[in-house]
Amino acid sequence: SDYNSEPDTFQMSDGRKMNIRAGIKFVSFSAHSDYNQTHDFITRLETQNVVLVHGEETQMAQMQVKLREDFPHVNVTAPRNCETIHYHFPAVTQLKIMGSLAGEVTKRRKLDDEPVTLSGVVVSTPDLQRTFLAPEELPQFTRLEAVEITQRQHIPLPSDQGFERVVAVLTGFLKPPVEVDGALRFCDALNVRREPAGCILEWKASPISDIVADTASLAILEWCVRANVAPILSDDRAHARGL
């Protein structure tokens with residue numbers, strides 16, 4: 001039966017006819033864009049490359065042909081599963097070094113002609129001008145501001161000797177800690193501090209520090225499980241502007 005016409009009856013598989021006392025509506029939940037939406041998106045984006053993925057092969061091939069007709073300047077590809085495609089983009093040829101980093105380059109070049117390794121951030125402007133400078137100098141040379149995130153995690157421990165056990169567990173796979181301001185600092189990234197009935201893990205958010213903190217937290221939790229403890233974690237993230 002054609003249910004779009006909203007029939008009054010419905011024939012069952014055994015031949016019986018049932019009365020329909022409800023409206024019939026068809027709604028598509030597909031999140032895929034059709035050709036017109038894809039065409040509009042490419043027009044707005046003004047891209048030079050389009051890759052068609054996640055679709056039936058024949059339909060994607062037809063869309064590829066049509067898009068090539070409508071956008072002859074655009075490279076439209078429809079790769080098969082596991083097919084590798086390569087794009088070559090022009091490399092950045094100029095990078096302006098500013099602030100203390102510029103002084104560091106000048107200083108090192110006077111000493112020798114060896115390549116200089118620097119750590120900083122690259123700021124790109126709408127006209128593709130790129131500036132390289134130290135994060136703490138962002139407010140001085142740009143309208144941007146550096147933000148530092150301090151993360152803290154409290155883990156309850158099973159006994160008064162729990163903190164000593166935590167230190168032993170962490171020292172088993174991390175470098176021996178250094179005492180700094182009443183806390184034990186591991187890998188120059190993670191501070192572990194004794195607290196009543198628990199310990200505090202504190203670190204400055206960064207890719208390396210986050211890995212160290214996650215690893216340490218997991219090791220402590222595994223030890224707590226072995227000690228028949230079910231700790232309740234709490235996070236206290238303090239955001240401090242400036243570096």
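## Briefing: Helix Packing and Nonpolar Cores

Leaving out residues up to four places away in sequence, Y35 touches M63, K66, L67 and D70, where contact means heavy atoms within 4.5 Å. The model is predicted: local features need pLDDT of at least 70 and side-chain atom pairs count only at pLDDT 80 or more, while totals for chains, interfaces and linings use all residues. Residues are numbered from 1 along each chain as its sequence is written, and side-chain values use heavy atoms, with hydrogens and water left out.

**The chain as a whole**

- The chain contains 6 helices and 14 strands; helices (H or I, at least four residues) and strands (E, at least two) are DSSP runs, numbered from the N terminus.
- Of the 243 residues in the chain, 24% are buried, meaning that they have under 20% relative accessible area with a 1.4 Å probe, protein chains only.
- Of the contacts between residues at least 6 apart in sequence, 54% join residues at least 24 apart.

**Helices α1 and α2**

- The axes of α1 (residues 35-45) and α2 (residues 57-70) come within 12 Å and cross at roughly 40 degrees; axes are lines fitted to C-alpha atoms, for helices over the stretch in contact, and angles run from 0 to 180 degrees between N-to-C directions.
- The two helices, α1 and α2, are therefore oblique to each other, a class for angles that are not under 35 degrees (roughly parallel), over 145 (roughly antiparallel) or 65 to 115 (roughly perpendicular).
- The crossing of α1 past α2 is right-handed, that is, the near helix is turned clockwise from the far one by less than a right angle.
- On the α1 side, Y35, T38, H39 and I42 meet M63, K66, L67 and D70 of α2.

**Nonpolar cores**

- In soluble globular proteins, nonpolar side chains tend to be buried together.
- The largest nonpolar core has 22 residues, and L157, L170, L190, V192, C199, L201 and I220 have the most contacts inside it; such a core is a set of buried Ala, Val, Leu, Ile, Met, Phe, Trp, Tyr and Cys residues joined through side-chain atoms within 4.5 Å.
- Two or more residues of this core come from each of α5 (162-171), β10 (183-186), β11 (190-195), β12 (198-204) and α6 (207-226).
- Helix α6 gives the largest share of this core, 7 residues.
- Apart from neighbours within four places in sequence, I220 contacts I155, L157, V166, L170, C199 and L201.
- A second, separate core of 9 residues includes Y35, I42, F71 and V76.

Methods. Buried means under 20% relative accessible area, exposed over 50%, partly exposed in between (1.4 Å probe, protein chains only).
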